[in-house]
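Hi,

Here is the structure I said I would pass on. Have a look at it, and then read on for what turned up.

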Amino acid sequence: MTLLEIKDLTVGFDTEDGLVHAVRGVSLDLAEGEILALCGESGCGKSVTGMSIPRLLPPDSTRLSGSIRLDGRELTGLPEAELRRVRGKDVSVVFQEPMTSLNPSFTVGYQIGEVLRRHEKLSWKAARARAVDLLRLVGIPAPERRINEYPHQLSGGMRQRVVIAIAVACSPRVLIADEPTTALDVTIQAGVLDVFRDLRDRLGTAIILITHDLGVVADIADRAVVMYAGRAVEQAPVGELFARPRHPYTLGLMKALPTAAAAGADGRLRLAEIPGMLPSSLSDPAACLFHDRCPRAKDDCVTAVPELAASGPGHLAACFYPLEDGSR
Amino acid sequence: MIWFVLRRAGSALIVMFVASVLIFLGIRALPGDPAVVMAGEEATPAVVAAIREEYGLDRPLPAQYVTYVGQTLTGNLGRSTQDGLPVSEILLQRLPVTLELAALAMLVAIVIGVLAGIIAAVRRGRLPDYLATGFGLAGLSIPHFWLGLLGILLFAVTLRWLPASGYVPFSEDPGGNLLRMLMPSLVLGAGFAAVLMRQTRSAMLGALSSDYVRTARSKGLPESAVVGVHALRNSLTTVVTVLGLQLGALISGAVVTEQIFVIPGFGKLTVDAVLTRNYPVIQAVVLVTVAGYVLVNLLVDIAYAFLNPRVRLSGGTDG
Ligand SMILES: Nc1ncnc2c1ncn2[C@@H]1O[C@H](COP(=O)(O)OP(=O)(O)OP(=O)(O)O)[C@@H](O)[C@H]1O
Ligand SMILES: [Mg+2]
């Protein structure tokens with residue numbers, strides 16, 4: 001059953017240089033209990049797509065259009081007050097920046113308890129007890145002690161798990177996890193992915209997993225959407241995508257990334273394998289945005305936008321000249 | 001936290017020691033006989049002799065210093081050369097007046113400055129922001145005496161809403177006291193309100209665009225909690241620091257304000273004492289000012305540590 005349905009999501013930002021096109025008409029849906037990976041190079045619009053759902057973008061400069069429906073309810077036009085009942089409860093977020101996402105002035109227990117008090121109307125005492133359970137759930141040792149500590153007393157990995165504990169506290173229906181494992185050791189990564197799996201299995205939480213780590217995608221995701229320069233260029237079940245990539249960009253991504261080691265130290269992915277650069281985000285030409293880096297590009301790639309088209313079971317690719325089976 | 005407070009208190013004591021030595025030496029370094037200096041130029045030889053006897057002024061300096069500290073600690077600060085009253089009595093009379101003025105001015109500054117700063121940050125780039133920053137700039141650039149004279153002209157002379165000057169103790173007539181203190185505390189507080197507004201605004205702007213505020217929003221918290229709890233809590237450290245830094249300006253501002261509004265406070269006492277070369281009073285005034293400064297800085301440090309868990313838990317940033 002479709003839980004979240006995004007149609008033609010377009011997000012721009014007013015800046016001093018002009019309108020930045022961050023997301024250009026992305027459509028996707030998410031079923032209950034599904035784990036959907038959102039992958040692509042740094043700056044391709046993954047985070048902006050994710051943050052559009054609970055509308056956590058700067059209100060003054062953001063230009064957002066399209067439709068985002070949760071359980072059939074349109075979120076884009078929802079007044080702030082209504083959306084606040086959705087945030088943290090139906091839709092919650094694990095942010096990309098574990099070091100700065102927690103408030104330095106409040107204890108871990110306060111910051112977890114706050115969301116429980118807000119949505120579940122718990123007392124401080126009950127919220128605290130639940131916070132201890134949540135810390136244990138995300139694999140933090142000695143949670144009774146940690147609960148009274150401040151963020152600066154925790155390592156980056158532990159902070160990230162506290163952010164995850166906050167996000168899962170109210171058993172959200174949709175969890176948007178933005179590079180949730182990038183800052184973590186491999187051993188802890190597996191534990192965090194288990195927390196996500198467990199959440200999905202127990203509560204049917206649907207998860208949008210934003211990651212550049214195709215290993216993580218293969219490990220946990222059911223389906224993946226590949227984004228390039230603000231557009232979704234390919235979308236398929238994970239097994240199908242890895243077996244038969246259709247878009248030349250997806251293939252490049254896979255070749256560029258045998259391991260997470262290809263990502264920069266900050267966890268942001270820059271593609272060295274595919275020559276050329278991301279097109280400017282300031283213009284929005286009617287062309288395939290990948291054409292100048294694409295070995296298969298022909299004249300029409302420069303004059304028309306390829307739409308997502310079926311190219312296999314549950315498989316969509318936006319390319320005029322998709323790769324054939326076995327062409328990799 | 002205990003160690004932090006003890007360490008800070010220790011350095012405060014050292015500052016006080018150095019200050020007391022300087023004050024002690026200062027009056028003795030003046031040209032002429034220190035006994036005459038302390039007794040006043042018109043004093044009779046008998047009075048001068050009595051002073052010399054009381055302070056042991058013919059004994060060696062270290063012995064004199066011990067006497068001086070002992071007398072100071074027991075509240076014997078000498079006698080005013082103007083009227084022969086004990087300086088400690090004069091201080092007890094004048095200090096509360098200035099403390100009230102300073103406290104009211106601080107209250108004005110904190111309420112107006114912090115509120116305006118928050119509003120300006122939340123409504124950044126809109127009318128309230130422009131109003132607040134505009135008034136802030138004015139508050140910073142208008143000197144106390146000019147603002148005071150303007151206030152007297154407008155509210156006392158033209159509109160006749162408020163008394164132009166004068167003072168009644170709070171214990172005698174609370175309403176009259178507050179009415180008379182209203183304009184002076186507004187005048188003295190305006191500059192601080194402006195400084196606080198600017199600092200609060202920029203601290204809040206930083207906090208509001210931070211990741212942890214986004215996290216707070218992602219929890220679905222109402223905007224009042226996002227701004228008033230998450231952003232404000234981290235901006236308060238700035239507010240406290242600014243308050244501490246502005247203390248010197250508060251003292252000098254009080255001196256000017258008391259002159260304008262003819263308030264018989266500590267500032268006016270200082271000016272009068274300097275004009276009449278009333279050295280015992282000057283000596284005491286300097287000592288009390290330094291002590292007040294050190295004390296408030298100590299309190300600011302403790303408040304800062306209290307607000308900042310990083311300092312509170314690790315025992316300080318001063319290494
Ligand atoms: N608030 C903003 N104002 C202006 N431009 C923005 C803003 N937020 C994002 N952008 C721009 O939108 C584009 C997409 O950014 P986004 O953060 O979604 O990338 P991403 O795919 O998450 O990359 P990364 O892997 O580095 O996290 C980028 O070009 C970015 O510079
Ligand atoms: Mg991102």
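Before anything else, one definition: a salt bridge here is a side-chain nitrogen of Lys or Arg within 4 Å of a carboxyl oxygen of Asp or Glu. By that rule, chain B and chain A have 3 salt bridges between them. Please keep in mind that this is a predicted model.

Let's stay with the interface for a bit. One of its salt bridges joins the side chains of Arg126(B) and Asp60(A), at 3.2 Å from N to O.

As for area, the size of an interface is often given as the accessible area lost when the parts come together. Here chain B and chain A bury about 2200 Å² between them, and 55% of that is on carbon and sulfur atoms. Arg214(B), Ser218(B) and Lys219(B) supply 27% of the area that chain B buries against chain A, more than any other three residues.

Now for salt bridges in general. Side chains of opposite charge can pair when their charged atoms come close. Over all chains, the whole structure has 34 salt bridges. In one of them, the side chains of Arg173(A) and Glu32(A) meet at 3.2 Å, N to O. Arg173(A) sits in the loop between helix 6 (156-168) and strand 7 of chain A, and Glu32(A) in the loop between strand 2 and strand 3 (35-39) of chain A, so this pair ties together parts that are 141 residues apart in sequence. Arg173(A) is partly exposed, at 27% relative accessible area, and Glu32(A) is partly exposed too, at 41%.

Another one stays within a helix. Glu82(A) forms a salt bridge with Arg85(A), with the closest N and O atoms 3.2 Å apart. Both residues lie in helix 2 (residues 80-86) of chain A, 3 residues apart, which is about one turn of the helix.

Then there is Arg231(A), which forms a salt bridge with Asp284(A), their closest N and O atoms being 3.8 Å apart. This pair links distant parts of the chain: Arg231(A) is in strand 10 of chain A and Asp284(A) in the loop between helix 10 (248-256) and helix 11 (300-303) of chain A, 53 residues apart. Are these two partners buried or exposed? Arg231(A) counts as buried at 14% relative accessibility, whereas Asp284(A) is partly exposed at 43%. Salt bridges with shared partners also join Arg55(A), Glu80(A), Arg84(A) and Arg87(A) into one network.

Which protein atoms are the donors of the magnesium ion (ligand 2)? They are OG of Ser47(A) and OE1 of Gln96(A), lying 1.9 to 2.5 Å from the ion. Ser47(A) is in helix 1 (residues 46-52) of chain A and Gln96(A) in the loop between strand 6 (91-94) and helix 3 (108-120) of chain A, so the pair ties together parts 49 residues apart in sequence. Ser47(A) counts as partly exposed, at 24% relative accessibility.

On to the strands. Strand 6 of chain A pairs with strand 7 (residues 174-178) of chain A in the parallel sense, over 4 bridges, and Val91(A) has Val174(A) in strand 7 as its bridge partner. Val91(A) and Val93(A) point one way from strand 6 of chain A, Ser92(A) and Val94(A) point the other way, and all are buried.

Chain A also has an open sheet of 4 strands in the order 2-1-4-5, with antiparallel pairing. Strand 2 (18-31) and strand 5 (73-74) of chain A are at the edges with a single partner strand each, so one side of each has no neighbour in the sheet.

Cheers

Notes: Residues are numbered from 1 along each chain as its sequence is written. Chains are lettered from A and ligands numbered from 1 in the order in which they are written. This is a predicted model: local features need pLDDT of at least 70, side-chain atom pairs count only at pLDDT 80 or more; totals for chains, interfaces and linings use all residues. Side-chain values use heavy atoms; hydrogens and water are left out. Donors are N, O and S atoms within 2.8 Å of the metal (3.2 Å for Na, K and Ca); water is not among the atoms, so sites may look incomplete. Helices (H or I, at least four residues) and strands (E, at least two) are DSSP runs, numbered from the N terminus. Buried means under 20% relative accessible area, exposed over 50%, partly exposed in between (1.4 Å probe, protein chains only). Two strands pair if DSSP finds at least two bridges between them. Buried area is the accessible area (1.4 Å probe) that two parts lose on being put together, summed over both.
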